[in-house]
Amino acid sequence: VETWMYEVSKRLTSFEPHIVSVSDPFYPAREHKDEIFFYRIHFGRLYKRLFQKLTKLDPLSYPKRVAQLIAEVNPDIVHMHQFTHWLDPLAKIIRKEGMKTILHMHNESSVIPETEVDAFVGCSKFILASYNKTPLRSKCSSHLYCGADLTRFMPFWKVQPLRDDVRSRFGVRRDEFICLYVGRVSPEKGVEHFIQGALLLQEMNNVRFFVVGEIPEKGERGRYADDMMRMAAPLGDKIKFTGVFPPSKIHLLYLLGDLLVLPSNFEEPFSMAGIEAMATGLPVIASQKGGITEYLIDGVNGLFINGGVPSKDIAEKIRLLTADRSLREKLARNGRTTIEEGFSWEKIASDVERFYSLL
């Protein structure tokens with residue numbers, strides 16, 4: 001969500017963007033950067049303890065402070081991302097001021113706002129359709145996709161020296177074929193299919209596997225992550241869990257790979273990993289789920305995982321791509337073209353401006 005807000009805002013030409021968020025110790029309370037005005041709301045320890053935990057009074061709550069900033073800026077449009085418990089009181093305040101309100105959802109939720117908004121936006125047609133089945137009230141609705149920075153996520157064949165450097169830092173030999181999974185290690189993401197597929201390819205000495213993303217330590221997700229570590233143990237150094245990387249470095253991680261696997265168990269709202277890998281020129285093997293189907297075309301710019309036994313199909317498709325260089329190149333170049341034509345941040349920002357102008 002933060003990436004969407006920042007990448008779109010800094011590319012707007014007809015609208016002046018202001019971003020309001022919670023504070024962060026590494027950033028100032030107010031800042032003007034990249035033609036964006038930032039406002040970061042801070043709650044001190046004493047305030048949190050006294051008013052939010054003990055008395056529950058919260059006289060200067062987050063929605064009230066946001067409302068104060070909105071009154072100060074006096075915008076034409078208030079674009080709110082993700083529904084939270086404070087959206088309803090905030091939306092009611094804004095409605096009184098006559099400003100246009102947009103609710104933008106990047107995932108599915110069982111809770112929806114009671115307050116009517118001027119526009120509802122989903123991060124994909126899939127998410128838009130899922131909310132159209134609910135009592136959510138809006139005067140209009142549309143989808144606005146996520147994008148990729150084409151100057152950062154470069155096709156690997158255009159940045160070969162950088163790719164060689166990244167791979168050498170991770171101990172990857174020139175003759176090795178690297179299969180990536182990028183995302184959190186969580187049950188809905190289907191990491192078990194990726195690892196089980198790897199176990200079926202143990203005899204392929206030049207094929208290795210990297211799991212790039214958050215490894216939870218607590219709760220159900222923590223137990224799942226532990227299970228995945230145990231499942232992967234027989235692979236030894238053929239698989240590596242890298243942990244999480246900051247967004248500023250993630251484009252380098254894609255340069256490690258020769259392909260990306262998205263083995264999702266749930267209906268993906270969109271999957272940034274898919275379009276970022278395609279922008280980098282990696283063939284994508286993905287579950288035919290949710291928003292992924294809106295940019296990946298089987299056999300054209302990627303491959304869908306067949307139902308039944310996902311791990312077996314993943315292994316078969318990896319075998320196919322390791323052996324068929326022409327197919328890899330076809331999927332890679334078509335994937336990059338797909339992102340250039342429909343999913344660059346410039347294209348998304350243009351779509352946003354067009355949508356704003358219709359409100």
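In which order do the three strands of the open sheet lie, and with what pairing?

**View 1. The open three-stranded sheet of the predicted model.** The strands of this open sheet follow the order S1-S3-S2, and their pairing is mixed.

**View 2. The antiparallel pairing of S2 with S3.** Strand S3 (residues 36-41) is joined to S2 by four bridges, and the two strands run antiparallel. Within this pairing, Lys 33 stands opposite Ile 36 of S3. Strands of a sheet pair through backbone hydrogen bonds, in either a parallel or an antiparallel manner.

**View 3. A nonpolar surface patch that includes Leu 50.** Leu 46, Leu 50 and Leu 54 form this patch on the surface, and together they present about 330 Å² of accessible area. Leu 50 belongs to helix H2 (residues 45-54). With a relative accessible area of 35%, Leu 50 is classed as partly exposed.

**View 4. Helix H7 and the elements that cover it.** Helix H7 (residues 191-199) is largely enclosed by the rest of the structure, because seven of its nine residues are buried. These buried residues are Val 191, Glu 192, His 193, Phe 194, Ile 195, Gly 197 and Ala 198. Their cover includes the strands S8 (177-182), S9 (207-212), S10 (239-243) and S11 (259-262). Helix H8 (219-232) and helix H11 (310-323) are also among the covering elements.

**View 5. Strand S10 and its pairing with S9.** Four of the five residues of S10 are buried, so this strand is largely enclosed by the rest of the structure. S9 and S10 pair in the parallel sense, over four bridges. Phe 210 has Lys 240 in S10 as its bridge partner. S9 and S10 are also both among the elements that cover the buried residues of H7.

**View 6. The surroundings of Glu 267.** Glu 267 lies in the loop between S11 and helix H10 (272-279). This residue is partly exposed, with a relative accessible area of 34%. When neighbours within four places in sequence are left aside, Glu 267 is in contact with Glu 108, Phe 126, Lys 289 and Gly 290. Glu 267 and Gly 183 are separated by 84 residues in sequence and by 15 Å in space, C-alpha to C-alpha.

How values were computed: Residues are numbered from 1 along each chain as its sequence is written. This is a predicted model: local features need pLDDT of at least 70, side-chain atom pairs count only at pLDDT 80 or more; totals for chains, interfaces and linings use all residues. Side-chain values use heavy atoms; hydrogens and water are left out. Patches are made of residues with over 30% relative accessible area and no salt bridge: like charges are joined within 9 Å, nonpolar side chains (Val, Leu, Ile, Met, Phe, Trp, Tyr) within 5 Å. Accessible areas come from the Shrake-Rupley method with a 1.4 Å probe; for residues, only the protein chains shown count as cover. A salt bridge is a side-chain nitrogen of Lys or Arg within 4 Å of a carboxyl oxygen of Asp or Glu. Buried means under 20% relative accessible area, exposed over 50%, partly exposed in between (1.4 Å probe, protein chains only). Two strands pair if DSSP finds at least two bridges between them. Contact means heavy atoms within 4.5 Å.
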